[in-house]
Amino acid sequence: MPDTLLHVERLKKVYESPTGDVEAIGDISFRMSAGELVCIVGPSGCGKTTLLKCIAGLLAPTSGTVELDGERVSAPPPNMALVFQEYGRSLYPWLTVRGNVELPLKHKRLSRADRDRLIDDALTAVGLEHAGGSYPWQLSGGMQQRVAIARAVAYQPEVLIMDEPFAAVDAQTRADLEDLVRTLHRERGMSILFVTHDIDESVYLGERVVVLSKSPTWVQEDLAIDLPDARDQITTRALPRFTELRTHVYEQIQRAKRGEAVRPVSAA
Ligand code: ADP
């Protein structure tokens, strides 16, 4: 498949410990194309973090492969950016907002003018064009997460990985940040892999939702989300199709939790 950006193939991860081995990931395979917004959803403890660590090159799989742009991932790839739930810990308190956004750009060979242009553009994209001189601790949680997102936007990665990024913010802020992610995807064509345990969030955001089984994990379903591209919190969530999709994913997760899901033949 020529336009495959990310290819996870037959990934398996067994944690070895003195008290016995834990098979966290059984057999996961999926592909993501450039420009897609894919959500991964699954019950707590199903191996989402383990999967992301393998994709990000932070953890070696027991078997199977991760390829980004045709290159096997065995260390953190330079063309990937990550945004985590713990925005507080991912920002440097002694650097201004601009300084935080600029940090990863220092590894790229850019002129001062190009760097400034990327920072200005990223801060504008997240609605923080007036906050460049502030320090992270002067900002609300939602604004701090916007800084983390601006840093990823300025870096211009081939893929942005987001690990439960909005789990720690209030509902209104979360809705605004979800819309920001949709906008970055639609207006800038960003390729985004978004991991969440929130079913509604996965359906609202994704073009596809990859539903994981419980641990040892496999892909229980790879569901196309056939909602209109232009989404908004009120009308999209009120669509009968939205309700059908969220109910479907909810039922799949319940089956996964009860261990009733049938392991697909291809993953056996
Ligand atoms: P999730 O992110 O979906 O909550 P995790 O990837 O954190 O799931 O964990 C998946 C499974 O692997 C769980 O059963 C967890 O207890 C186990 N696990 C995670 N990390 C380790 C580790 N370092 N050593 C042993 N078991 C682990």
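Student: How do the residues of the shell around the ligand divide into nonpolar, polar and charged?
Tutor: Four are nonpolar, five are polar and one is charged. Here Ala, Val, Leu, Ile, Met, Phe, Trp, Tyr, Cys and Pro count as nonpolar, Asp, Glu, Lys and Arg as charged, and the others, Gly among them, as polar. Please note that this is a predicted model, in which local features need pLDDT of at least 70 and side-chain atom pairs count only at pLDDT 80 or more, whereas totals for chains, interfaces and linings use all residues. Residues are numbered from 1 along each chain as its sequence is written, and side-chain values use heavy atoms, with hydrogens and water left out.

Student: Which residues surround the ligand?
Tutor: They are Y15, V22, A24, S44, G45, C46, G47, K48, T49 and T50, where a residue is near the ligand if one of its heavy atoms lies within 4 Å of it.

Student: And which element gives the largest share of that shell?
Tutor: That is α1, with three residues. Helices (H or I, at least four residues) and strands (E, at least two) are DSSP runs, numbered from the N terminus.

Student: How far is a ligand oxygen from the side chain of T50?
Tutor: An oxygen atom of the ligand lies 2.5 Å from an N or O atom in the T50 side chain. For T49, the corresponding value is 2.6 Å.

Student: New topic: which residues touch the most other members of the largest nonpolar core?
Tutor: I149, M162 and F194 do, in a core of 50 residues. Such a core is a set of buried (under 20% relative accessible area, 1.4 Å probe, protein chains only) Ala, Val, Leu, Ile, Met, Phe, Trp, Tyr and Cys residues joined through side-chain atoms within 4.5 Å. Helix α5 (residues 141–155) supplies the largest share, eight residues.

Definitions and conventions. Polar contact = N/O pair within 3.5 Å; in protein donor to acceptor, adjacent residues only side chain to side chain.
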